Each structure stands twice: as structure tokens, then as C-alpha cells.
Amino acid sequence: FVTRFQKLYERMCDDAFVVIYLDEVHLHQDMEVGFTWSPVGEATWVPSSSPGLSARLNCYGAYNFTDGRCFLWQQGTCDSDQTITFLHHLSAWLNEKRRKVVLIWDGASYHKAKKVKATCKQLGFALLPLPGYSPDLNPIEGLWKWLREDVTQLQCHDSLLALWEDCLAFIDRINLTPEQIITRL
């Protein structure tokens, strides 16, 4: 993978390719456990309405490694049909006419589905699968950590809509500074 990616990276630097990392994330309405400061011997209490584990967003994300922008989309579960819908939204977001798009993602079963691969081909996306068990090779994992730190850590959202709006606001904010995204991820 690293050898193939190195060649792809060189071509990307020559403006021949756009490299997009993809992944899914599941964000719960209730807070993510995190760390914070509190006075010695005192617990820090965060209000929570304790929504159940089913109160979550299943999101698809894209990190444009070439241009330093991120895209977030969600609508139901993560499966092959939703992946196809996401790919169409991704294509519209990219609006890439002059360069070939290479998608890099993990080996989730729905990524390997024939109809998903056919949609990628129809949209003009080339696929480069990550090796198994290699989240360290997917910088979008860093995006999920960053999003959790800013949006869900020690926060209980009143509704899934409020959580979704905060996630979109986070993406809009970081997209204002592509250099920061590239440096952080």
C-alpha cells in the first residue's frame, strides 16, 4: 500500500489526482467520555439526559487530502445503499472535472459490494483500499478524534438534530483554514 500510495502522492503533487480518504463515524447524542480539569478532590459534573445508545448519528466523512477540506454526510445506517447515496453527494461536493479522483477507504463489507464498486466506476472514482487493520494509514481517523474533542466530549446534546448541527458547524469552521486541517490530520 505504501509503495502504491507514494506513486499516487507524486502524481497528486503534479495535479493529476485528487486523493480522498473516506470513513464512517458513529456519534452518540450523549456525551463522549473525555478528560477535563477540576479542583483536587472534586468531581466535575456534566448534565446529561442519558439518551440511549440508539440515539446516534451514523455519518460518512471525506477528507480531501489534496485540497485540505472535509465533507460530512448522514442519513440513516451505513450500508451499501447509503454508501451509494453518499458517493453521489460526495461527487457533487467535489465537483471535480479536470482531475481523476482516488478514494481511499477501509475494507468494510459494504465498501466491497459490487453495486458500490459499480457506482464508483460510474462516477469516475478509482479505489485504493487500505490494508486490513490499518487505521493509522487513514488520516480521517484524526478528524473523528478532533470532532469528538470539539463537539461530543463532555457534551450531551438536546437532540440528534442539535448534534448534527454542531457537527456541520465544526466542519464549516475547520474548512475555513485548510492548512490547519492538513497540519492536524
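Student: Which residue takes a positive phi in the hairpin of β2 and β3, and how many residues lie between the strands?

Tutor: Good place to start! In this predicted model, G68 takes a positive phi near 70°. The hairpin has four residues between its strands.

Student: What makes β2 and β3 a pair of strands?

Tutor: Two strands pair if there are at least two bridges between them. β2 and β3 have six bridges and run in the antiparallel sense, so they count as a pair. As an example, Y60 stands opposite W73 in β3.

Student: How do you know that β2 is largely enclosed?

Tutor: Look at how many of its residues are buried. Buried means under 20% relative accessible area, and eight of the nine residues of β2 are in that class, so the rest of the structure largely encloses β2.

Student: Which strands are joined to β1, and in which sense do they run?

Tutor: There are two to look at. β1 and β2 are joined by nine bridges and run antiparallel; here H26 stands opposite N58 in β2. β1 and β4 are joined by five bridges and run parallel, and Y21 has I104 as its bridge partner in β4. β1 is also mostly covered, with 10 of its 12 residues buried.

Student: Why is R99 called buried?

Tutor: Set its value against the cut-off. The relative accessibility of R99 is 10% and the limit for buried is under 20%, so R99 counts as buried. You will find R99 in the loop between α2 (80–94) and β4 (100–105).

Student: What makes the link between the side chains of R99 and D67 a polar contact?

Tutor: The distance is one part of the test: N or O atoms must be within 3.5 Å. The side chains of R99 and D67 are joined at 3.4 Å, and R99 makes another polar contact with the side chain of D15, at 2.8 Å. Setting aside residues up to four places away in sequence, R99 touches D15, A16, F17, V18, T66 and D67.

Student: Which residues of α5 are buried, and why do we say they share a side?

Tutor: The buried ones are L163, W164, C167, F170, I171 and I174. They cover an arc of only 120° around the axis, so they lie on the same side of α5. The face turned away from that side carries the exposed residues L161 and D172. Among the elements covering the buried residues are β1 (17–28), β2 (56–64) and α4 (140–152).

Student: Which members of the largest nonpolar core touch the most other members?

Tutor: Of its 30 residues, these are L8, L72, I104, L143, C167, F170 and I174. At least two residues of this core come from each of α1 (2–13), β1, β2, β3, β4, α4 and α5. Apart from this core lies another, of 23 residues, including F86 and C120.

Definitions and conventions:
Residues numbered from 1 in each chain as written. Predicted model: local features only at pLDDT ≥ 70, side-chain atom pairs only at ≥ 80, totals over all residues. Heavy atoms only, no water. Buried < 20%, exposed > 50% of the residue type's maximum accessible area, 1.4 Å probe, protein only. Polar contact = N/O pair within 3.5 Å; in protein donor to acceptor, adjacent residues only side chain to side chain. Contact = heavy atoms within 4.5 Å. Arc of directions from axis to C-beta. Core = buried A, V, L, I, M, F, W, Y, C linked by side-chain atoms within 4.5 Å.
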